[in-house]
Amino acid sequence: MSASTKTPGGAPLEKAAGRAMTSRVVRAGAVSVRWEPRVAAVCAALALFAAGAAVLVVGSGDFPISPPDVVAALVGQGDRATEFIVQTLRLPRAVTGLLVGLALGLSGAIFQSMSRNPLGSPDLIGFTQGGASGALLQILVFGGGAVAITASSAAGAVLTALAVYLVAYRRGGGVVGVRLVLIGVAAAAMLQALNSYLITRAELTEAYEAAFWLTGSLNGRDWDQAVPLAIALAVLVPAALVLSRSLGMGELGDDAAQALGVRVQRTRLLLVIVGVGLVAAATAAAGPVPFVALAAPQLARRLTRRAGAQLLPAALTGAALLACGDLISLHLPVAIPVGVVTGVLGGVYLAWLLAASGRRGMG
Amino acid sequence: MLSSVRKPPTAEPPPKAAVPRRAGRWGGLLLLVAALLLTIVASFAIGAESVPFGRVLPSVLSPDGTQHSLIVHELRLPRTVLGILVGISLGLAGAVMQALTRNPLAEPGLLGVNGGAALAVVVVIGFFDVDEVLVYVWAAFAGAGGAAVLVYAIGARGRGGASPARLVLAGAAVNAVFSALTAGLMLLTPQNFNGFRFWQVGYLAGRDLGIFWRVLPFVVAGVVLALVLARPLNALGLGDDAGRALGARPGRTRALGALTIVLLCGAATAAAGPITFLGLAVPFIVRALVGPDLRWVVPFSLLLAPVLLLWADIAGRVVAPGELETGIVTAFVGAPLFIVMVRRGRTREL
């Protein structure tokens, strides 16, 4: 991981310039951006990969459409039947998948970086379980429809996050990353127990249906899910990217970050809001798709070979993971929800990366 | 910390200042032994049909066919001894796991152990159509062991060997694959789902005493290993290089530590299903009480965990009509307790 280190402060730039992959600071007035060729290349490759997988997803189904025809239909150059199938029937699912992956990867990167622990991802600190509890209560106890399930799942995630954050808050000390994670893990355990309780006490058919939802699925998603998700992300993604600069400094530790001029508590609060918003939006759209938020940031770190928060690469990795998982789940002979595929895919890939980096003595 | 790893406690007289603290710790251990005994009696006595405390001992020692005697022998004895065994296993496994990975969040769910056990059980339910509890037990054991070996093999590749961070990530990766496969198999048919949804909540009630005898040897082996490993793990807590300088062998210690975890977690999950949170919370509470020295953390965890698990089981019998599964109670009682401790700032980073 230390093969190509970042260049703090820009001072040792000359020294680093001799290496193959270096970073430069591009300045335009008050704005400065670190330009890192490897990161940019990885991002471009991930985006292309995700888009390609999404095109194939749109082409898959009872009526297969070739990738060139899909692209033609997307830009309005196809015949009317194909355009209807692509734009109305299948595109929402592909878009929802990409956006859910984007949101989960990004929120995972935020929480892992903030807690300085790969286990600090929203799957493990209760937000996902909270979303699941909200949906389960709606499905099994109140018997609401699809919209009600979506709403109560988002509400469950937000309420859990609020509770975890409030309990972790302490006057004077504010919220410390490790404490937030520990309390989140406790909340996750309680909510998981609640979910198990609900599942074991319910009628078999209802519980079975709920279990499908709990695995994370993209089946039957239309624009009603995709559009609100897109609107939420249009606000949250830029906010996350702006905040990410302070996030990198926060990883140095609270005191060091404060010394560098980061207002730690305010930044953390804003980041939690953004991260929870992302999880809530994603869970509402597709159910608690497991493992993307945990794996995507770790994969992105290893792909870009950078330490610290890699928000954009993590988000794109999440999108690629989900699009790819959806494509595979569409081509399996049995109906398997996308969450199963992302779990297997992300897990195997992460394990392979770990083993491969071990051989090179990295990681 | 340094002084605690240099020599075993009996080899030289401890420094003067340490005497009262050590006396306090021995006192604490005695207190825990007393608490455990009291808990065991309570576990025999309390339930839907309560047995007077005075009648517990006579009923256990001389079964006389009365209703109390039957309740104690048929219902309360199996779940109590099983609770002790499972509690010890989970508490110790958590302590060893957290020391090995140097991560205070490590717990049996993490290193892929529960995931492996669950996958094996769902395979048995789905493909072999057996409904025998003992088959589940062995399947869970094999799954837990296989998963832990896999995690260790992935984490241990490369120059540095199984570094803590790599183990945790490898565990998360394997766990994700297994739980995804479990979900996929479970959702194939409603029958699979129905069999699995009850297994996935850990509980002690209604388990046969035969399970106890079958997992006992594994637990005993795991406990012995954990006690022996306390000192080498202490040395590794200082980092690999410092540990090596103190005579520790990181590779061997980690491999034995992983074996301990497999034995203990495998036995616990096989015997009672996945019981969450105990393995995380017990070492955490113990560290807050006695500090990070594993020579104390291990025995304290060994005694505290069964006390907590049995009380969770007792609570599950009385709070709800019908009964609440032990695994649900441990989460609902343990988590708030844990939160209170975290909020009081008694977290110790490893």
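Colleague: What percentage of the 350 residues of chain B count as buried?

Modeller: In this predicted model, 54% of the 350 residues of chain B count as buried.

Colleague: Among contacts in chain B between residues at least 6 apart in sequence, what share joins residues at least 24 apart?

Modeller: That share is 76%.

Colleague: Where does B:L32 lie, and why is B:L32 classed as partly exposed?

Modeller: B:L32 belongs to helix α2 of chain B, which covers residues 18-45. A residue needs 20 or more other C-beta atoms within 10 Å to be buried, and 12 or fewer to be exposed; B:L32 is partly exposed because it has 18 such atoms within 10 Å. Leaving aside residues up to four places away in sequence, B:L32 touches B:F300, B:L303, B:L304 and B:V307.

Colleague: Which residues have the most contacts inside the largest nonpolar core?

Modeller: They are A:A323, B:I261 and B:A271, in a core of 227 residues. To follow one of them, B:I261 touches B:A93, B:V96, B:M97, B:L111, B:V113 and B:A148, again without counting residues up to four places away in sequence.

Colleague: How are two packed helices described, and what is the angle between α5 and α8 of chain B?

Modeller: In general, a pair of packed helices is described by the angle between their axes together with the distance between those axes. Here helix α5 (residues 113-128) and helix α8 (residues 190-199) of chain B pack at an angle of about 145°, with their axes 9 Å apart, and the crossing of α5(B) and α8(B) is right-handed. On the α5(B) side the contact involves B:V121, B:V122, B:I125 and B:G126, which meet B:N192, B:G195, B:F196 and B:W199 of α8(B). Sorted by class, this contact has five nonpolar, three polar and no charged residues.

Colleague: How many residues of chain A are in contact with chain B?

Modeller: There are 49 residues of chain A in contact with 41 residues of chain B. On the side of chain A that touches chain B, two or more residues come from each of α7 (177-201), α8 (204-215), α12 (292-304) and α14 (338-359) of chain A. The largest share, 16 residues, is that of α7(A), and the residues of this side of chain A divide into 33 nonpolar, 13 polar and three charged.

Colleague: Where is confidence lowest and where is it highest in each chain?

Modeller: In chain B the lowest confidence is in helix α1 (residues 2-6), at a mean of 40, and the highest is in helix α13 (residues 294-319), at 90. Over residues 1-19 of chain B the pLDDT is below 50, and this stretch has 12 contacts in the model beyond near neighbours in sequence. In chain A the lowest confidence is in helix α1 (residues 13-16), at a mean of 38, and the highest is in helix α13 (residues 311-331), at 91.

Colleague: What are the mean pLDDT values of the chains, and what ipTM does the model score?

Modeller: The mean pLDDT of chain B is 79, with 88% of its residues at 70 or more, while chain A has a mean of 79, with 79% of its residues at 70 or more. The model scores ipTM 0.73 and pTM 0.74.

Notes: Residues are numbered from 1 along each chain as its sequence is written. Chains are lettered from A and ligands numbered from 1 in the order in which they are written. This is a predicted model: local features need pLDDT of at least 70, side-chain atom pairs count only at pLDDT 80 or more; totals for chains, interfaces and linings use all residues. Helices (H or I, at least four residues) and strands (E, at least two) are DSSP runs, numbered from the N terminus. Two residues are in contact if their C-beta atoms, placed from the backbone, lie within 7 Å. Ala, Val, Leu, Ile, Met, Phe, Trp, Tyr, Cys and Pro count as nonpolar, Asp, Glu, Lys and Arg as charged, and the others, Gly among them, as polar. pLDDT is the predictor's confidence in each residue, from 0 to 100. A nonpolar core is a set of buried Ala, Val, Leu, Ile, Met, Phe, Trp, Tyr and Cys residues joined through C-beta atoms within 7 Å. Axes are lines fitted to C-alpha atoms, for helices over the stretch in contact, and angles run from 0 to 180 degrees between N-to-C directions. A crossing is left-handed if the near helix is turned anticlockwise from the far one by less than a right angle, and right-handed if clockwise.
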